[in-house]
Amino acid sequence: MSNTPMAASPLTRAVLEIDEYASGLGWDQPARLFALVDTARLRAQEPGLAAQLGLEPEQETTGLTPVEQEEIPAGKPLDEFLGTIAWPDAVVGCALTVERLMLPPSAESSVPEGLSGKKLTQWVAAHPDRQEVRMTVGVLRDGTRDSALRLREKDAATEVLTGAGLVPGLAEALSATFAD
């Protein structure tokens, strides 16, 4: 299914697979949360689920399988929702894909003083240099992180940026879901 590079780490491949999946759904989608499970362990311990997910026995067994979770409740702030999550031991990581408006660093100096919350969101939405971006961020229990960013105006798999430090705040929030 995936066009992700085989040389990439399992987390990078999972993040890019989720980005590709989200891309197929189009833009203006709600945030989506995924559990990341060890593919070999899933196949061994849950063969029925592995078959349901389309994991063929002859497929690569080293890697991570993203399992989409229930829909994130509408109207609940993402940070509050993430604060309610606890993962079972079988989940080795998690990932989130979310769309946001983003401004280039050059616009930071023009942000009016004292704006916060809804007013800041409205200001960014009206800014002529705003960009719509889909961010997919994955973290593992051991602290490993990776991200993929896709701009709406450059909506092609070859234009997706990847890197561990692209969305540090969201990576921190996801890592916190594994804290004891």
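## Starting with helix α1

Helix α1 spans residues 10-25, 16 residues in total. From its first C-alpha to its last it reaches 23 Å, close to the 22 Å expected at 1.5 Å a residue. Please keep in mind that this is a predicted model.

Which residues of α1 are buried? They are Leu11, Thr12, Arg13, Ala14, Val15, Leu16, Ile18, Asp19 and Ala22. An α-helix has 3.6 residues a turn, so residues three or four places apart point the same way. The cover over the buried residues of α1 includes the strands β1 (32-38), β2 (64-68) and β3 (91-102). It also includes β4 (131-140), β5 (145-151) and β6 (161-163).

Gly26 follows α1 and has a positive phi, near 90°.

Is Asp28 buried or exposed? Asp28 is exposed: its relative accessible area is 56%, and the cut-off for exposed is over 50%.

## The whole chain

Now let us step back to the whole protein. It holds six helices and six strands. Read from the N terminus, their order is α-β-α-α-β-α-β-α-β-β-β-α. The radius of gyration is 17 Å, close to the 16 Å that the globule rule gives for 180 residues, so the protein is as compact as a globular protein of that length.

Along the principal axes, the C-alpha atoms fill a box of roughly 55 × 35 × 25 Å. Among contacts with a separation of 6 or more, 66% are between residues 24 or more positions apart.

## Inside and outside

Of the 180 residues in the protein, 37% are buried. The protein exposes about 10300 Å², and carbon and sulfur atoms supply 53% of that area.

What about charge? The protein has 15 positive and 27 negative side chains. The centres of these two sets lie 4 Å apart.

## A stop at Glu71

Where is Glu71 found? Look in the loop between β2 and α4 (78-82). Glu71 is exposed, with a relative accessible area of 66%.

Glu71 can also be placed relative to Arg130: the two are 59 residues apart in sequence. In space, their C-alpha atoms are 27 Å apart.

Technical notes
Residues are numbered from 1 along each chain as its sequence is written. This is a predicted model: local features need pLDDT of at least 70, side-chain atom pairs count only at pLDDT 80 or more; totals for chains, interfaces and linings use all residues. Side-chain values use heavy atoms; hydrogens and water are left out. Helices (H or I, at least four residues) and strands (E, at least two) are DSSP runs, numbered from the N terminus. The radius of gyration is taken over C-alpha atoms; the globule rule is 2.2 Å times the number of residues to the power 0.38. Buried means under 20% relative accessible area, exposed over 50%, partly exposed in between (1.4 Å probe, protein chains only). Contact means heavy atoms within 4.5 Å. Accessible areas come from the Shrake-Rupley method with a 1.4 Å probe; for residues, only the protein chains shown count as cover. Lys and Arg count as positive and Asp and Glu as negative; His and the chain ends are not counted. The place of a charge is taken as NZ of Lys, CZ of Arg, CG of Asp or CD of Glu. The expected span of a helix is 1.5 Å times one less than its number of residues.
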